[in-house]
Amino acid sequence: MPLHCSSMAIKASSHSFGLVRLSNKFITNHVGTISFSKTHHHKISKPIGCSSELTQTQSFTVMEDPKRSSLSSLQPTQELEIAVRAVQMACSLCQKVQDSLISKSGAVVQSKDDNSPVTVADWSVQATVSWILSQSFGGSNVSIVAEEDIQNLCKAKAAGILEAVVKTVNDCLAEAPRFGLQAPKKTLGTAEVLEAISRCNSTGGPTGRFWALDPVDGTLGFVRGDQYAIALALIEDGEVVLGVLGCPNYPMRKEWLNYHHRYHRIISKLTPPTSESWDKGCVIYAKRGSGEAWMQPLVHVNKNFLWPNYAKPVRVSSIDNPSLATFCEPVEKANSSHSFTAGLAHSVGLRKQPLRVYSMVKYAAIARGDAEIFMKFARAGYKEKIWDHAAGVIIIQEAGGVVSDAGGRPLDFSKGIYLEGLDRGVIASAGANLHDKIIRAVDASWGSSCL
């Protein structure tokens with residue numbers, strides 16, 4: 001369904017969430033103040049999102065932090081900025097839940113019917129992002145495809161987890177003004193939280209607009225205190241138009257990757273926080289056709305989000321020699337064949353040890369130039385889901401990389417919740433030359449594989 005946008009020249013309403021519109025372009029109100037160029041000024045002392053409306057059509061300037069604004073040339077659409085703010089909130093939520101998991105030995109973890117883990121964070125992020133999108137664009141105008149449902153959450157044995165989810169969601173939404181969004185007028189009840197989760201019931205398809213959300217991609221990594229991601233993408237008529245990846249344990253600076261992340265969690269608590277300290281993690285985002293992807297640190301505790309939040313551009317690596325390249329693959333052997341990728345890596349001359357990492361952090365690693373190749377060849381019977389790839393694909397593409405199936409065809413996000421018609425597996429590379437070499441090697445090796 002098309003997302004609703006007001007036709008008024010300038011409007012600040014309960015669906016604006018810190019955004020104002022001029023001549024069909026949305027501009028961020030960074031400090032809650034709108035200054036008009038005529039002899040009078042209108043000031044809003046609280047973040048936009050209140051019930052007052054501005055109907056004047058005079059020109060105006062928007063105040064923002066010059067240190068932050070000078071770092072980013074990407075002009076966000078309303079959808080992109082709301083998505084980034086929502087993912088920033090979700091990252092904050094997940095960090096708190098993960099800290100609780102580590103200290104309380106996994107008291108908020110359940111197993112789904114397929115034996116994969118699901119946590120308070122999975123349901124809480126889905127409810128939070130669902131609520132934000134619905135409040136931003138109108139519930140009837142938002143369609144969401146997401147991983148979780150409420151079936152297990154509504155079982156009698158899950159009463160304690162449900163209670164924790166409701167509390168976690170309300171605690172997170174109470175901090176919405178810190179991220180430039182509007183908090184609920186009153187605490188959400190259990191029924192409202194469940195409704196927000198179950199609202200994510202779209203099945204996708206070839207027409208219309210819908211969001212694809214993976215609330216916690218890499219839940220196994222999450223419960224182990226390792227890497228995970230929050231992934232949100234907007235898909236329009238089967239094409240991904242924007243993507244946001246929140247990577248709370250993935251450091252801003254590449255040199256931190258030489259050490260295990262748990263070590264840095266300790267070090268970060270002993271050193272004063274900076275804009276690029278370990279404990280911030282990062283959010284990476286891109287929109288279709290921009291030719292650029294951007295990364296910003298997570299918002300530090302008790303700090304307010306000001307766009308673009310020290311964002312800096314990211315670009316794929318220029319390495320196209322396989323012997324110098326680093327390749328990523330999933331940690332879990334259940335969903336991917338390590339033996340085939342190992343043989344394939346050897347055949348094309350890859351000499352470095354693979355970077356095995358949970359979740360779509362692999363896509364972030366390639367977009368940032370920390371690795372050059374991602375290969376995933378699923379075992380028989382496993383079907384890739386769109387929320388596991390959509391955000392990462394557009395980020396790599398806009399950062400200068402290439403993503404396709406093993407036959408060289410673009411991934412098809414128009415067939416519902418699965419990547420139907422996928423040829424053997426998914427390959428992402430830092431450039432076209434490297435990509436072609438990998439695809440040729442797959443063709444040469446596939447006949448001898450057991451996949």
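This is a predicted model: local features need pLDDT of at least 70, side-chain atom pairs count only at pLDDT 80 or more; totals for chains, interfaces and linings use all residues.
Residues are numbered from 1 along each chain as its sequence is written, and side-chain values use heavy atoms, with hydrogens and water left out.

**The chain as a whole**

- The chain contains 11 helices and 19 strands.
- Of its 451 residues, 56% count as buried, a word that stands for under 20% relative accessible area, with exposed meaning over 50% and partly exposed in between (1.4 Å probe, protein chains only).
- Among the contacts in the chain with a separation of 6 or more, 72% are made by residues 24 or more positions apart, a contact being heavy atoms within 4.5 Å.

**Nonpolar cores**

- In soluble globular proteins, nonpolar side chains tend to be buried together.
- A nonpolar core is a set of buried Ala, Val, Leu, Ile, Met, Phe, Trp, Tyr and Cys residues joined through side-chain atoms within 4.5 Å.
- The largest such core in this model has 63 residues, and those with the most contacts inside it are Cys 94, Leu 133, Val 165, Trp 211, Val 244 and Tyr 285.
- Helix H2 (residues 78–104) supplies the largest share of this core, with 13 residues.
- Cys 94, leaving aside its neighbours within four places in sequence, is in contact with Ala 121, Val 125, Val 216, Phe 222, Tyr 228 and Ile 230.

**Cysteines**

- A disulfide is a covalent bond between the sulfur atoms of two cysteines.
- With a disulfide taken as a pair of cysteine sulfur atoms within 2.5 Å, a search of the whole structure finds zero disulfides.

- A cavity is, on a 1 Å grid over the protein atoms alone, a set of points where a 1.4 Å probe fits but cannot get out, and its lining residues have an atom within 4 Å of a point.
- Grid points are joined across faces, edges and corners, and a volume is the space filled by probe spheres set on the points.
- The structure holds one cavity of 30 Å³ or more, and the volume of the largest cavity is about 30 Å³.
- The lining of the largest cavity is formed by Gln 88, Cys 91, Ser 92, Gln 95, Phe 179, Leu 298 and Val 299.
- This lining divides into four nonpolar, three polar and no charged residues, where Ala, Val, Leu, Ile, Met, Phe, Trp, Tyr, Cys and Pro count as nonpolar, Asp, Glu, Lys and Arg as charged, and the others, Gly among them, as polar.
- Gln 88 is found in helix H2 and counts as buried at 1% relative accessibility.
- Not counting residues up to four places away in sequence, Gln 88 touches Phe 179, Val 283, Gln 296, Pro 297, Leu 298, Val 299, Phe 305 and Asn 309.

**Backbone features**

- Most residues other than glycine have a negative phi, and most peptide bonds are trans.
- The peptide bond from Trp 307 to Pro 308 is cis, with omega near 5°.
- Asn 302, which lies in the loop between E13 and E14, has a positive phi near 70° and is exposed, with a relative accessible area of 68%.
- Ser 359, in the loop between strand E16 (355–356) and H9, has a positive phi of about 75° although it is not a glycine, and Ser 359 is buried, with a relative accessible area of 8%.

**Helix H9 and Ile 373**

- Helix H9 (residues 361–368) is mostly covered, since eight of its eight residues are buried, and Gly 369, whose phi is positive and near 85°, follows H9.
- Ile 373 is found in strand E17 (residues 373–377) and counts as buried at 0% relative accessibility.
- Ile 373 touches residues including Phe 327, Cys 328, Leu 350 and Ile 366, not counting residues up to four places away in sequence.

Methods
Helices (H or I, at least four residues) and strands (E, at least two) are DSSP runs, numbered from the N terminus. On a 1 Å grid over the protein atoms alone, a cavity is a set of points where a 1.4 Å probe fits but cannot get out, and a pocket is an open set with protein on both sides within 12 Å along at least five of seven lines; lining residues have an atom within 4 Å of a point.
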